[in-house]
Amino acid sequence: MVRDCIADTKFAGIPLKKGMTVTIPIYAIHRNPDFWDQPNAFMPDRFLDQNVFTKENRFRYLPFGGGVRVCLGQAFVMAEVVIMLAQIIPKLNIQDATEGDLKFETGATLRAKNGLFVRFSPI
Ligand code: HEM
C-alpha cells in the first residue's frame, strides 16, 4: 500500500517529510516474526477469521488493506472465490507446476517474477 505524506512527522522514530511516498509492505507484515509463529511456513490456518479478527491481530493481516481505505471489493471477492473454488475443486486435480524457486517482483501488486504455473487435470 502506498501513501503520500502530507506533513512532516515521525513513524516509529523515523522522520518522514511532507511529500514523501511511504510504502507499507503487506508482504513483510505478513511474514514478520514478531507477529507470526514460523512466518515463512505454509500455515494457512493462521489466517482463519478466529485467528486474525482479534484485537491483537487487527492490523497484522491486511490482504485487503485496513482503515478508511479498506478494499471496497472485499466482501464481493471473498464470496466470488468461494463460489469459484467450489466449482473447480470437485472437478480438477490442481498441482504446482512452477519450475525452480518462486521469485517475486513488486509493481502495483506483488507478482511471481517468472510466472506461477499450475497444472489442472481431471479427477
Ligand atoms: C483478491 C482480490 C482483491 C484484493 C487482494 C484487494 C486488495 C485491496 C487492497 C489491499 C486495497 C487497499 C489499497 C490501499 O489501501 O492503498 C484495496 C482497495 C480497493 N479495492 Fe480491492 N482487492 C481485491 C479485489 C477487489 C475487487 C473485486 C474490487 C471491486 C469490485 C475492489 C475494489 C477496491 C477499491 C474500490 C479500493 C479502494 C478503496 C479506497 O481507496 O477507498 N477490490 N483492495
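Read along the sequence, the secondary structure of this predicted model follows the order β-β-β-β-α-α-α-β-β-β-β, which amounts to three helices and eight strands in the protein. The radius of gyration is 18 Å, well over the 14 Å that the globule rule gives for 123 residues, and the protein is therefore more spread out than a compact globule. In keeping with this description, the C-alpha trace spans about 60 × 35 × 30 Å along its principal axes. Of the 123 residues in the protein, 0% are buried. Among the contacts that join residues with a separation of 6 or more, 27% are made by residues 24 or more positions apart.

The confidence of the prediction can be described both for the whole protein and for its elements. The mean pLDDT of the protein is 92, and 100% of the residues score at least 70. Among the elements, helix H2 has the lowest mean pLDDT, at 88, whereas strand S3, which covers residues 14-16, has the highest, at 96.

Two of the strands, S5 and S8, can be followed in detail. Strand S5 and strand S8, the latter formed by residues 118-122, pair in the antiparallel sense over five bridges. Within this pairing, Asn93 has Ser121 of S8 as its bridge partner, and Gln95 is likewise bridged to Arg119 of S8. Strand S5 consists of the five residues 92-96, and because the number of these that are buried is zero, S5 lies largely in the open.

The phi angle of Gln38 is near 45°, a positive value in a residue other than glycine. When its neighbours within four places in sequence are left aside, Pro39 is in contact with Arg31, Asn32 and Pro33. Pro39 and Asp101 are separated by 62 residues in sequence, and their C-alpha atoms are 18 Å apart in space.

A positive phi angle is also found at Ala12, a residue other than glycine, where the value is near 50°. Ala12 is placed in the loop between strand S2 (9-11) and strand S3. With 5 other C-beta atoms within 10 Å, Ala12 is exposed.

The model also includes a ligand, which is surrounded by Met1, Pro63, Phe64, Gly65, Arg69, Cys71, Leu72, Gly73, Phe76 and Val77.

Conventions:
Residues numbered from 1 in each chain as written. Predicted model: local features only at pLDDT ≥ 70, side-chain atom pairs only at ≥ 80, totals over all residues. Near = placed C-beta within 6 Å. Helix = DSSP H or I, 4+ residues; strand = E, 2+ residues; numbered from the N terminus. Rg over C-alpha atoms; globule rule 2.2 N^0.38 Å. Buried ≥ 20, exposed ≤ 12 C-beta atoms within 10 Å, placed from the backbone. Contact = placed C-beta atoms within 7 Å. Pairing = 2+ DSSP bridges. pLDDT = per-residue confidence, 0-100.
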